[in-house]
Structures are given as structure tokens and as C-alpha cells.
Protein chains: 2
Amino acid sequence: MILGGGFGGLFAARALDRAPVRVTLIDRHNYHLFQPLLYQVATASLSPADVASPIRWVLRRQKNVEVLLAEARAVDPVRRHVVLDPENVIPFDYLLLATGAAHSYFGHDDWERRAPGLKTLDDGLKMRQQILLAFEAAERAASVDDQRRLLTFVIVGGGPTGVELAGALAEIARQSLRHDFRRIRPESAHIVLLEGSPHLLGAFPEPLREAARHSLERLGVEVRTDAQVVGVDGEGVLWRAASAEPSNAPRRIAAETILWAAGVAASPLARSIGVPLDRAGRIAAEPTLAVPGHPTIFVAGDICAFAENGKPLPGVAQVAMQQGAHAARNIVRAIRQQALESFHYRDYGIMATIGRGSAVGDIFGLRITGYFAWLFWIFLHIFWLIGFRNRIAVMFEWAWAYITFQRRVRLITAEHAWQRSTDVPSDRRPD
Amino acid sequence: MILGGGFGGLFAARALDRAPVRVTLIDRHNYHLFQPLLYQVATASLSPADVASPIRWVLRRQKNVEVLLAEARAVDPVRRHVVLDPENVIPFDYLLLATGAAHSYFGHDDWERRAPGLKTLDDGLKMRQQILLAFEAAERAASVDDQRRLLTFVIVGGGPTGVELAGALAEIARQSLRHDFRRIRPESAHIVLLEGSPHLLGAFPEPLREAARHSLERLGVEVRTDAQVVGVDGEGVLWRAASAEPSNAPRRIAAETILWAAGVAASPLARSIGVPLDRAGRIAAEPTLAVPGHPTIFVAGDICAFAENGKPLPGVAQVAMQQGAHAARNIVRAIRQQALESFHYRDYGIMATIGRGSAVGDIFGLRITGYFAWLFWIFLHIFWLIGFRNRIAVMFEWAWAYITFQRRVRLITAEHAWQRSTDVPSDRRPD
């Protein structure tokens, strides 16, 4: 049985294509999400259907796989079954646990309401709505102060997601929305990227970090590293320099929109197995990806803590894909009573884009930046997109956006959500 | 001032392009919806962004137009202002009321929860989710009876929307989902179209009605005309032959999914003006499209009752477009103190599609059916789509769907909504 239809679960199912097993893949969504492009849904560049494919459809030809839309509540490793929500039990012979990770607010779960994260398609749609509504509310704002607060966007977390969000937001404000408003100048929006550590893109080599920072600053993003968020409230964000004395008063940024791209915490299902977890709630897997003491349970992706040469593997799609496929092959070995093999990560590199025509990447040790890196990023992501259909659609959307500077998917769905925003000023003239 | 960014409001704004007026267009959504294709969102063929464009973007170059995202609560025709929600007042010199219509449940508003209609983008997304979840729940159903009920879809209303929905649903079940399930056969889905009058497509000439009925039956849709819905409940639909004695017991169709494509009721804003309304809540406009007794208020589209040669105009996009533009020109005439002109509808014809490669149409009195009619329908709709960008995207989606029989947009968003559906059977085997 496979829990989770992300990169880990899907690649495991595919690896079992011709194996003499019956596979049940359980996910609480009916789609596989291409998470590296989710920020483009949040920033109105791509439609949900461009970055997601129904899991059933992806696996439709694989007759030994059954897909189940359900939420797993717990794993019972002794009785070897999974408890579903609503209450229901499904037994397994072997289990691959690949349910990924959610956001972590460092113990401040109340921040989530004000500072949504970006993990699911619904998160992406909510974030898109929030960004677009901020501009709408600013257009109707009664005072200059309100307007400024409504046009201030704070992104917390300087990893790839934070950097990509900041770049895309800057482009929306400076280019896509330019001609659309009458009372505000969208290009005056204030975009702030806060990162607690001294560097953006901590996993990247030093020169690339600097290149990313310069690209963002050229787009008008205010980048603050060494800036720890100590509060999120109705008014905005409180932050303090990491090096400052705790007695120093934190500084405030008045902002309507706060986007969370910081810490992750593994899926709570990890806890139900009853093995020790690391600080992020992940299971430290054996070299074979089996869970220590539970030879029939394997893990892959963000729920799995795995170090190679003393360095922990990053939480990226590549790792999840390779682990999923490896765990699946080890399960087949276990069934055949063969010796299991250890997992080794083949690192093809890392990349991040910073808006139109700019990216940084470290590919097979080769460091690339700028326009060429951006083209390579596009090629790579089109290539990796699940399903031939999505590739063409995304290519088309990107070509269109590149030519027109437009973002087509600027729809505020979900009724009446805008009513929370500022009132219309009463000083409006008749038309 | 224009209330409503549908076909009426948008074409009015465009007609005022070079007029010496300042226009405020108010809509409660930030997008214009191409409603004739909304059923394709509901049936997972098109993404929301394919059938909707941000109103701001459509009107971005028209500097005398200001777009406001807000919901109008009432019109005060004496003080000449519009009351917004949240409480707020905007004065006007001239008003075009073009806020359209919503569904009517013939006094049974409690049916709405079980039998959603199709007017807004959110309606379309909800309907899509409901349809897809029914198949998911059927796959997990514990009994054959449950399965049958979950795979029964009842569409109420045999106008163009009902006919198009029924055709698209039949294709989803028979083609798109064919290989995706393991426990159910999606092609065994039972699709019933109920129409209270003796004919489908009442506005079409007789031979075309018959052609549409045959096309639907060829797709396996059970068509029941003369069938009046007298009840909607948790189990399904109750209906009775229109000709039957009232003492006859109604008949029941056990169905999880009931889709409402029947009566319409004009936007409640019509009531606030204080003029007599017709049975559907619409304002009977003067020949100039002005509201009787209120020379500064005009109406266009579904909120306007207008008869020509004793025949009421249908509630279609063409009428709204032409009325919107005409009302706008009359407002300019009124400002210039010129005589107003009467509205005359130029009828280019009507069309409806019935699934892949089949349509019926009455174009300039020419009756067409079958494959040629379908090609013509595609051409017409691509041509009318607002915004060059959407045309290409939609053309691409359709070409893709035609070649592959697939529907790409099969995403169930909105978290946990599936939990309402049937439990997983407890007799599942281990995998």
C-alpha cells in the first residue's frame, strides 16, 4: 500500500508497474500536484489544471494499482493496517509512507490564518485570491496609509519558494497590473522578503545566492536577511535582527498580505508509527528506506530524514522521486526474499527562478545564472511535468505571458471573500 | 454608472469608449464570465481562466472607465444612488442596471443545496466537484444499491444548459473516465434529463428539438419530457407526468447528483427600484430600454423583460450584448438632449451542442444539425470569446480533448469535501 500521491508515492507506484503485487494508493486529493510550479498558481500565471493531474488518470493503464480518495488518520505498524477518516481500516502487507510535509510556524500556529503557506492546490488558490484582493482593496482604500498597508506584501522565508514568490509578485505589480487601476499605481507596491538566516537560498553555493539577491533587488524587492519574524498580527509583521539583543524592540512592517514560505513539519502520520522523530517530525530511515524496527514499512520524500555523507538530503522533488522508486524496488526484493539495497541520491542539481528571464542554478556542479539559467529552468520543468498534456499547456501559457507580460489567471473565486476588505470611500464622485 | 460586468454591462462600457462620460462599472466578481461555456467548466473540459477574464483587464485601455469590485445591495432611484454592501453609497447621474438573473427553484429554495445551479464560476467549480466526487464515492461504495444511486445523475431542465450538461456528462462517463476505476464501470452511469414541458429546447424549431433528443438518446441519456419535479431530497428526485392526476403518486429517481438547469429569477436589485415586475422578477423596459418613470435608469440583459412583435426576447448573451450597447448609446443621447431610439433585436440565431461532434442550430432561419452544426458552434464560440488570449487557449483545449477523449481539468479542489461521501467498505482486501 502507498500512502500519498506526491512525487514519492507516484514514482513508487510506477516502479511497481510489472511487479507481482497489488497496489492501493491512497491520497486525500484526487490529483498529483507538481509542487515546484505551485507558486505560479498562487501568482496567477498558471491554472490549477496546468500543475495538477488526476492520480487515477496518471495511473489508469497500470492495472495492478487501485487509487483511493481518502485521508489516512493513523498507521498501526503492529496490526499492519491504516486507519482512515472517517473511521475505517485497511490492512497492508507492505506500506510506503510518503505523505510529505506541511508548514511549520515554529509553535505559532495562530500565525497561519494571517500568513498562509503554499503546499496544496487550495493553498495556491487562496494565496492568489489574497494577493488579488489586496490590490482591489487598495483601489478602494479611504486613506493613503490604508493604501500603503494594502500594497505591502511580506514574504517570510528566503528558500526557493520565497524567492520565486517574491520575484513573481514584483512582476505582477510592476507589469501585469500596470494599466488596470485608476486610483492606485500597482507598481508602487512594496515587496519585502524576510529570511532568518544570513543568506537567501541557503542550499545554493555562495555566488548564486548573491546573484539571486541582486536579481530580486533589481525587481524592486526589499531583501532582509538575518531577519527573524517574532510576531504576526492584524497589522502586519514584527521582526528583529537575528544578531540583536533580545531586549531590542522588534520592528514592524504594516502589511495586509503576509505569505509564509518558511519551515516545514513532516506529516503527523509519522508520529503514529511510534519510532523516534527528528525535530521536523520526520522518520530517520534506514539506508534501505525501511523504518527502523518495522521491516514492512518504508518511507520516501519529505517525511523521511535521510543523510548521505553526513549531509541531510534536501526536501525537493528529485529526492522524493528517487526514494519512492527505490523503496518500491526494495519492497519487491523483500517479497522475493532478496537482500535489500541501500539508497543513494543522484544529485542532478538545484535551481530557482527570479522572475522573467532570470534564474540561478547549480547543475552537476556547473553554476549558471541569468537568462541562460532561466531558459534551462523552463526546459527542465516542462520536461519533468507529469503528463504530456500539461507540458504543452504550460509551455503555451509561459510563451503567452512572456510575449504579453500578462497573467491570465487573475480570477478571484470563492464568493464574497472580498467583503472582508476595506470599505469603499464615501467621497466618491458620481459618474 | 453600470451595475454588472456580464455581457450587458461590458458591452455598454465598450460602447461608451469615446463618449464624454465617466463610467463606474461595479461587479461582485473581478471577472467577466463567458456564461455560454460555463457548463464546460462544470464538466471538467475547461479551466475557469478559459471562460473568464478580469474585467479590469478587458477594460484596461479605456481610461474613462473605473472598475469597482463590490456588491450592490439596492438602487435608490429617487436619491439616485446605489447602496453597496458593506453599507456605503455611490451617487449616479445615469444608471445601467445589468445584474442578470439567478436560479429559481419555483418557491422551493431548500432544493438548492441538493440541486445546485450554474450561474457563476463558483457554481461551475462546485458542480465539477460534485460530479467527480460521485464517481469517487461510487468506487468506494459498500453496496450495489449505493453504487447505482451514486452513478445516477439527474439534470432538471431541458433548455440549452440542461441539454449541454447532459451531453457532456454522458461523454465523461462513457469516454473520459473509462480506464480510471477498478470497482465501477463509469460507462454504466445513468443520466436522466427531466423537462417539465413537452419538448426539449423549447425556443428551437420542432425538427431541431427532435434532433437534439435523438442525439442525447444515442449518448445513452434518458430523456423525460412532460416530467415535473415535485420534490428534491437526500435520496433523489420526485417527479410526476405533467398530464397526470394530482392524486397520482410521484415517481422517484434515486440519485446522488442532481443538477439544476431550470427556471431563472431576475436579480433582486430589480425590486429596489419600485416599479412593477413580471413573474420572473424582471423589469418591463420601455422601447428605449429606460425603466418606466425613471428616465435616468436603463436595463439590459436578463434583468430586462422585453417583447418584440409580441414575443419575449430569450435570456441569451446576444440579447444582453445588444441591449447593453443600445442602452449606453441612449444614455449618451440623453446627456446630449437628443431623442432616444427604440431597441430592436437582431436575431442571428440560436445553437446548442450535444456532446462530441453533434449540435443543433437555427442560424438566420437556416436549420443545421450534426457534425457541421458542431463545427459551426465551435467557430462561433471561439469567435465570441472575450479576449484574444482565451480564444487560443480554448481552441487548444478543445482540439486536445477531441483527439484524446480526455478532460484535463478533473480536479477536486476545496479540502475534505469528499468526506461527506460514503465510507470505504470494510471488506477491503490487503494489497
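Reader: What should I know before I start?
Author: This is a predicted model: local features need pLDDT of at least 70, side-chain atom pairs count only at pLDDT 80 or more, and totals for chains, interfaces and linings use all residues. Residues are numbered from 1 along each chain as its sequence is written, while chains are lettered from A and ligands numbered from 1 in the order in which they are written.

Reader: Which domains does chain A have?
Author: The assignment gives domain 1 (2-28 + 70-103 + 265-335) and domain 2 (109-262). Such bounds come from an automatic or database domain assignment.

Reader: How far apart are domain 1 and domain 2 of chain A?
Author: Their C-alpha centres lie 34 Å apart.

Reader: Helices next. How do α1(A) and α10(A) pack?
Author: Helix α1 (residues 7-15) and helix α10 (residues 317-335) of chain A pack at about 35°, with axes 7 Å apart. Helices here are DSSP runs of H or I, at least four residues, and strands are runs of E, at least two, numbered from the N terminus. Axes are lines fitted to C-alpha atoms, for helices over the stretch in contact, and angles run from 0 to 180 degrees between N-to-C directions.

Reader: Is the crossing of α1(A) and α10(A) left-handed or right-handed?
Author: Right-handed. A crossing is right-handed if the near helix is turned clockwise from the far one by less than a right angle, and left-handed if anticlockwise.

Reader: Which residues make the contact?
Author: From α1(A), they include A:F7, A:L10 and A:F11. From α10(A), A:M321, A:Q323 and A:R329 are among them. Contact means C-beta atoms, placed from the backbone, within 7 Å.

Reader: And by class?
Author: The contact of α1(A) with α10(A) has eleven nonpolar, four polar and one charged residues. Ala, Val, Leu, Ile, Met, Phe, Trp, Tyr, Cys and Pro count as nonpolar, Asp, Glu, Lys and Arg as charged, and the others, Gly among them, as polar.

Reader: What about α1(B) and α10(B)?
Author: Their axes come within 7 Å and cross at roughly 35°. The crossing is right-handed. Residues in the contact include B:F7 and B:L10 of α1(B), and B:M321 and B:R329 of α10(B). By class, this contact has eleven nonpolar, four polar and one charged residues.

Reader: How many residues of α1(B) are buried?
Author: Seven of its nine, so the helix is mostly covered. Among them are B:F7, B:G8 and B:A13. Buried means 20 or more other C-beta atoms within 10 Å of the residue's own, exposed means 12 or fewer, and partly exposed lies in between; C-beta atoms are placed from the backbone.

Reader: Strands now. What order do they take in the open sheet of chain B?
Author: The order is β25-β26-β27, three strands with antiparallel pairing. Two strands pair if DSSP finds at least two bridges between them.

Reader: Which strands stand at the edges?
Author: β25 (350-353) and β27 (366-369) of chain B. Each has a single partner strand, so one side of each is left without a neighbour in the sheet. The twist averages 5° from one strand to the next.

Reader: How many bridges join β26(B) and β27(B)?
Author: Four, in the antiparallel sense. B:V360 has B:T369 in β27(B) as its bridge partner.

Reader: And β25(A) with β26(A)?
Author: Those strands of chain A pair in the antiparallel sense over four bridges. A:M351 stands opposite A:G361 in β26(A). The two strands form a hairpin with five residues between them. A:G355 in the turn has a positive phi of about 75°.

Reader: Which residues other than glycine have a positive phi?
Author: A:R80 is one, with phi near 55°. A:L201 is another, at about 45°. Most residues other than glycine have a negative phi.

Reader: Where are they?
Author: A:R80 lies in the loop between β6 (71-76) and β7 (81-85) of chain A. A:L201 is in the loop between β12 (190-194) and α8 (206-218) of chain A.

Reader: Is A:L201 buried or exposed?
Author: Buried, because 24 C-beta neighbours lie inside 10 Å. A:R80 is partly exposed, with 17 other C-beta atoms within 10 Å.

Reader: Last one. What does A:R391 touch?
Author: A:R391 touches A:I382 and A:L385, not counting residues up to four places away in sequence. A:R391 is in helix α12 (residues 388-404) of chain A.

Technical notes: Two residues are in contact if their C-beta atoms, placed from the backbone, lie within 7 Å.
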